[in-house]
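This briefing is for a reader who has not seen the structure before.

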Amino acid sequence: MNLRQIEVFRAVMITGSVSGAARLLHVSIPAVSRLLSHTESRLGFLLFERVKGRLHATAEARRLYLEVEQVYGGVQRIGSLSHDLALRRRTLLSILSSPSIGQTLVPLAISQLRNAMPDVQVHFHCLTHEALKERILQQRADLGISTFPVDHPNLATRPLASSRLMCICPRSHPLSMHEEVGLDELLPHEFIGYPHGSPLGLRIDQMFETRDASPRISVEVTSPQYACSLVHAGAGIALVDEYSLQGWLGSPFKAIPVRGALPIVADLVYLQTEPLSPAAQALLRALHSVLLQRGLAMPLADDDEILR
C-alpha cells in the first residue's frame, strides 16, 4: 500500500463510509471507491464487506488498521518535525520541563529571555519525565528540565537546582507550631497525597518505608499545585517541593521543611550529540539567575561555561 492508499483506507475506517471518507479527504465519492477497489485487488483480500448498503471492516482490515495508525502517526511526526525545523531558521527554542519547576520558575526565565532576545520564538511544554525524555531523543525539543532522574546513553544531564521537601499546612493546624517536622510528627496526620507511581508520590512512599509505614491519604491529587490549592482552601496538609511553592509565596498557609528528606534536584537534559544553541544557553543563564534569586540554584562547576 502506498501513502495515498493508506490515507483513503484510514479515512474509510474512521468515517465508516465511502461518502464520509470523500468528505474528509475533499475528493469525489467515485475517486475513493475506485482507489479502495484497486487497493483490495492489489492486496488480494477484501477490506470491507458491503451489507445492506453499509461498509463493515473485515478482520483483516481491523488488523491492518492498527499498523496503519502507527505509520500515519510517523508521517504526522515527520510533518511536525519539518515544520519545527523550518521555524528554527527563525530562531525557535523548544523547552520542556517537569510541571513543578515549569509552573513559575521556567516562565520567569522565558520572560527574561524574551526581553533580552525578542526575536526568539519559544515553545514551552510541561510533561512527565518519560514524555520529556522521548521528545528530546526524537529531536523535538532543544532541552528539558526534569525534577525526576532521566537516564539514557544518548542524553547529557547536569544539575541546575535543588529544592527541599516541605510540609504545608493551615496556620490553625497543630503542625504549624513546628519549624521543622520529621516522620514522627507527620505520621499521626492525614495528607493530601499523590498517585503511588507519580514522581513525588514515589519519593514520599520511599521516605515512609524507612519507618515501615504509609502516609494516610485523605485526598489524592495529580499535582503539587492542586495540593497547594487545597491547603490554601483549608482542606488539609500536604508534602510539596519548593519549586511548586514559588507560585504561592503570598499564601497564608505555613511551609515547614521536612527533616531527613532527600533534596529534589532539577536536571538540565539535552542530546549528547547536539550542542546547545545560543538561545538555549541564554535561556539557561536566565533560569540560573531566577534560581539564584529564589535560593534554589546549584553551585556552578569551575568549568561551566554555559551559565556564566
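The buried residues of H3 are Val32, Leu35, Leu36, Thr39 and Glu40, where buried means under 20% relative accessible area, exposed over 50% and partly exposed in between, with a 1.4 Å probe and protein chains only. Seen down the axis of H3, these residues fall within an arc of 135°, so they line one face of the helix; the arc is that of the directions from the helix axis to the C-beta atoms. The model is predicted: local features need pLDDT of at least 70, side-chain atom pairs count only at pLDDT 80 or more, and totals for chains, interfaces and linings use all residues. Residues are numbered from 1 along each chain as its sequence is written, and side-chain values use heavy atoms, with hydrogens and water left out.

**Helix H3**
- An α-helix has 3.6 residues a turn, so residues three or four places apart point the same way.
- Exposed residues Arg34, Ser41 and Arg42 sit on the face of H3 turned away from its buried side.
- The cover over the buried residues of H3 includes helix H1 (3-15), helix H2 (18-25) and strand E1 (48-51), with contact meaning heavy atoms within 4.5 Å.
- H3 runs over residues 29-43, and its 15 residues at 1.5 Å a residue should span 21 Å, which agrees with the 21 Å between its end C-alpha atoms; the expected span is 1.5 Å times one less than the number of residues.

**Ends of H3**
- At the start of H3, a side-chain oxygen of serine 28 comes within 3.2 Å of the backbone nitrogen of alanine 31.

**The whole chain**
- The protein chain has 12 helices and 12 strands, which are DSSP runs numbered from the N terminus (helices H or I, at least four residues; strands E, at least two).
- Of its 308 residues, 44% count as buried.
- The C-alpha atoms of the protein chain fill a box of roughly 75 × 45 × 35 Å along the principal axes.
- Among contacts in the protein chain with a separation of 6 or more, 71% are between residues 24 or more positions apart.

**Helix H9**
- Leu200, Gly201, Ile204, Asp205, Met207 and Phe208 are the buried residues of helix H9 (residues 199-209).
- These residues cover an arc of only 160° around the axis, which puts them on the same side of H9.
- Elements that the buried residues of H9 pack against include strand E7 (165-169), helix H10 (224-232) and strand E12 (264-271).

Note on methods: A polar contact is a pair of N or O atoms within 3.5 Å; within protein, one must be able to donate a hydrogen and the other to accept it, and residues adjacent in sequence count only if both atoms are side-chain atoms.
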